[in-house]
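The sequence and structure are shown below.

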Amino acid sequence: MSLDLDHFEMALLFAAVSSILLGLVTKRTDRERIRYGATCFGYFMLSLFGIGWLMHFLHG
Amino acid sequence: MPSTTVNTAPVPLRSPFVVVLLGWAVPGAGHLLLGRRGRGAIIFATVLLTFAVGLAMRGPMFQITNAGDVLSRLIQYGGFIGDLASGLIYLVTVWSGYAAPDLAGHQADYGAKLLVAAGLLNILAMVDAYEIATGEKD
């Protein structure tokens with residue numbers, strides 16, 4: 001079996017699993033975990049699109 | 001309300017060393033030993049998923065080598081530690097003969113990064129298990 005994810009799909013997977021674990025190990029209640037995990041995921045996405053557009057403009 | 005409950009179940013007395021060692025060997029097993037079944041299952045699933053996708057993308061494992069300049073060696077050593085941190089999943093994969101070549105292109109490159117990421121996620125889980133075992137955390 002061979003999988004060929006593109007950059008966005010791979011970044012999405014990494015952001016999802018990292019956010020889940022960060023929420024799980026850093027917070028005490030389930031509600032806090034979900035909220036923190038979602039926040040982390042949002043920041044990952046914000047960075048992904050932000051840096052993507054930055055590179056787009058820098059490359060001209 | 002289950003969504004806001006704090007897990008205040010007493011932590012079984014376990015040696016932090018055993019908990020960390022077990023958590024390294026099988027991701028989430030340290031938490032399982034401490035009675036944190038749900039947390040252990042999520043850790044196992046996330047680490048395994050990341051590692052499996054890395055394998056499916058034919059990511060090469062990092063090797064300890066003395067070839068190349070200092071930066072290349074540093075990358076190889078760091079990557080090797082990241083790979084090794086996945087525990088038995090990594091060892092079984094290597095022992096079963098998996099040896100994907102380090103090809104140019106994004107597919108193998110992303111695969112290698114995901115294999116390392118799986119190990120780094122497991123290190124995060126091992127630190128959490130250690131803190132629970134020593135009583136620093138609920």
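Helices are DSSP runs of H or I with at least four residues, numbered from the N terminus. The model discussed here is predicted.

In chain B, helix α3(B) covers residues 37-56. It has 20 residues and reaches 28 Å from its first C-alpha to its last, close to the 28 Å expected at 1.5 Å a residue. After α3(B) comes Arg58(B), with a positive phi near 55 degrees. The buried residues of α3(B) are Arg39(B), Gly40(B), Ile43(B), Thr46(B), Val47(B), Thr50(B), Phe51(B), Val53(B), Gly54(B) and Leu55(B). They pack against α2 (29-33), α5 (88-95) and α6 (106-133) of chain B, together with α1 of chain A.

Between the chains, 23 residues of chain B are in contact with 19 residues of chain A. On the side of chain B that touches chain A, α3 and α6 of chain B each supply at least two residues.

Within chain A, the axes of α1(A) (residues 7-26) and α2(A) (residues 30-59) come within 8 Å and cross at roughly 150 degrees. An angle over 145 degrees counts as roughly antiparallel, and the two helices are therefore roughly antiparallel to each other. Their crossing is right-handed. Among the residues that meet there are Ala15(A), Ser19(A) and Leu22(A) in α1(A), and Gly37(A), Phe41(A) and Phe44(A) in α2(A).

The make-up of the two sets of contact residues is as follows.

| Contact residues | Nonpolar | Polar | Charged |
|---|---|---|---|
| Contact of α1(A) with α2(A) | 13 residues | 5 residues | 1 residue |

Notes. Residues numbered from 1 in each chain as written. Chains lettered and ligands numbered in written order. Predicted model: local features only at pLDDT ≥ 70, side-chain atom pairs only at ≥ 80, totals over all residues. Axes fitted to C-alpha atoms, helices over the stretch in contact; angles between N-to-C directions. Parallel < 35°, antiparallel > 145°, perpendicular 65-115°, else oblique. Left-handed = near helix turned anticlockwise from the far one by under 90°. Contact = placed C-beta atoms within 7 Å. Nonpolar A, V, L, I, M, F, W, Y, C, P; charged D, E, K, R; others polar. Expected span 1.5 Å × (residues − 1). Buried ≥ 20, exposed ≤ 12 C-beta atoms within 10 Å, placed from the backbone.
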